[in-house]
Amino acid sequence: MNELAITVIGRDRPGIVADVAEVLARLGANLTDSTMTRLRGHFAMTLICVGPAAAEVEAALAPLAADGQLLATVRAVTPDGAAVPAGEPYVMAVHGADRMGIVAAMTRVLAEAGGNVTDLSTRLSGSLYVVVAEVELPPGAAEVLLGRLADAAAGLGVEVTLRPAEPDLL
Amino acid sequence: MSGEPGRPEPDPRAETYEGLGDWAPEALGAGRVIPVVSAPQAVLSRAGAEVDPTAGETVQLAADLIATMRVSPGCVGLAAPQVGVGAQVFAVDVTGHPKAITVHGVFALCNARVVEATRWKAGREGCMSVPDLTGDVKRASRLVVEGMLPGSGKVARLVTDGFEARALQHEIDHCAGLLFLDRVAGAHAIYQRKVYL
């Protein structure tokens, strides 16, 4: 079986998820992790599935994209190894007036500290720009990193917070 | 029922005690450590049966839950369905937790229900029965719960807040066949668990 990375993006309408999932189910492709959202009204879905050859899945998805409103891509990927806890989980929130390069600058600071972004979303609402990122940080790195993030944020004229995202075990 | 003919059974619900009264976990006797089951075990998704809090098997179950909770690192609560028993019994102990405000120490409750819930707050929860995921769940941070104490069968009325309130709601949910996954705040509110105790 092949592990496939599939993206579907395009004009939103009801039923896209059902259509895509149905095609995959018919092919015997087992949908594992997936995420779907609307980005400024555009449908955007990324998923990993295990199933037949990429070409077969691509051909089966082609009718969905035939009207030119959707773009579907399929690519074989190498299965990832078991996820090893790499660090301490934190949430970084950034907000401020929109301008070029906020994500680039802030994630560069994270990367330079050895932080790994595991989830990220950005939203532009009017002139307000918001970035929320889940990051794994090397143990003990948070305090120094927060200083650097604050410096970078000050340079961009935005606000930044970094807080632990440790779950409580119940 | 064991009552004599013509003599009504005393109703343990007739008296409601604020807090735990003189109840102490030692009265339950020795507990055994039981393996914890993980989702998708069906027992975790079914409402537990109401129990007789004075029955020997209930008392033993409560003792077992406390014993299992104590040996599980970081565990502040454990419900009967988590050890494979579909019953409305759970144990809680948030003593020493940094987010705890009001703390009732270690206790177990049977047939517990939420009487009042206010001041809802989001928090990230993990669960021993869902070892690889966590989720953002809104819970009441001010809570009144009533439940029967195993052994005596007396009704305890616990007024609590903060982390103990969250733990109680999580365990009461387990007894109703609900996991935190049933209450997550949205499609992007579950995460791979990254830190293991």
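In what order do the four strands of the open sheet in chain A stand? I began with this question, working on a predicted model.

**Entry 1: the sheet of chain A**

I found that the order is β6-β7-β5-β8, and that the pairing is antiparallel. I then looked up the edges: β6 and β8 (158-164) of chain A each pair on one side only. I noted the angle between neighbouring strands of this sheet, which averages 15° when direction is ignored.

I next followed one pair of strands in detail. Nine bridges link β6(A) with β7(A) in the antiparallel sense. As an example, I recorded that A:Leu124 has A:Tyr129, in β7(A), as its bridge partner.

**Entry 2: helices on the sheet**

Which strands does helix α3 of chain A touch? I listed β5, β6, β7 and β8 of chain A as the strands that this helix, residues 102-112, touches as it packs on the sheet. The direction of α3 makes about 20° with that of β7(A).

I also looked up helix α4 of chain A, which spans residues 142-156. Helix α4 lies across β5, β7 and β8 of chain A, and runs at about 165° to β8(A).

**Entry 3: the interface with chain B**

I turned to the contacts between the chains. On chain A, 17 residues are in contact with 25 residues of chain B. Between them the two chains bury about 1,600 Å², and carbon and sulfur atoms account for 57% of it. I noted that A:Asp168, A:Leu169 and A:Leu170 supply 52% of the area that chain A buries against chain B, more than any other three residues.

I recorded seven residue pairs in polar contact across this interface. The elements giving two or more residues to the side of chain A that touches chain B are β2 (30-39), β5 (88-97), β6 (116-125), β7 (128-137) and β9 (168-169) of chain A. Of these, β2(A) gives the most, with three residues. By type, I sorted the residues on this side into eight nonpolar, four polar and five charged.

**Entry 4: A:Asp168**

How many salt bridges are counted between chain A and chain B? I found two. In one of them B:Lys99 is joined to A:Asp168, and the closest N and O atoms are 2.9 Å apart.

I then checked the strand pairing between the chains. Strand β9(A) runs parallel to strand β4 (residues 107-127) of chain B, and two bridges join them. Here A:Asp168 stands opposite B:Glu125 in β4(B). I concluded that A:Asp168 faces B:Glu125 in the strand pairing and also forms a salt bridge with B:Lys99.

Note on methods:
Residues numbered from 1 in each chain as written. Chains lettered and ligands numbered in written order. Predicted model: local features only at pLDDT ≥ 70, side-chain atom pairs only at ≥ 80, totals over all residues. Heavy atoms only, no water. Contact = heavy atoms within 4.5 Å. Buried area = accessible area lost by both parts, 1.4 Å probe. Salt bridge = Lys/Arg side-chain N within 4 Å of Asp/Glu carboxyl O. Polar contact = N/O pair within 3.5 Å; in protein donor to acceptor, adjacent residues only side chain to side chain. Nonpolar A, V, L, I, M, F, W, Y, C, P; charged D, E, K, R; others polar. Pairing = 2+ DSSP bridges. Axes fitted to C-alpha atoms, helices over the stretch in contact; angles between N-to-C directions.
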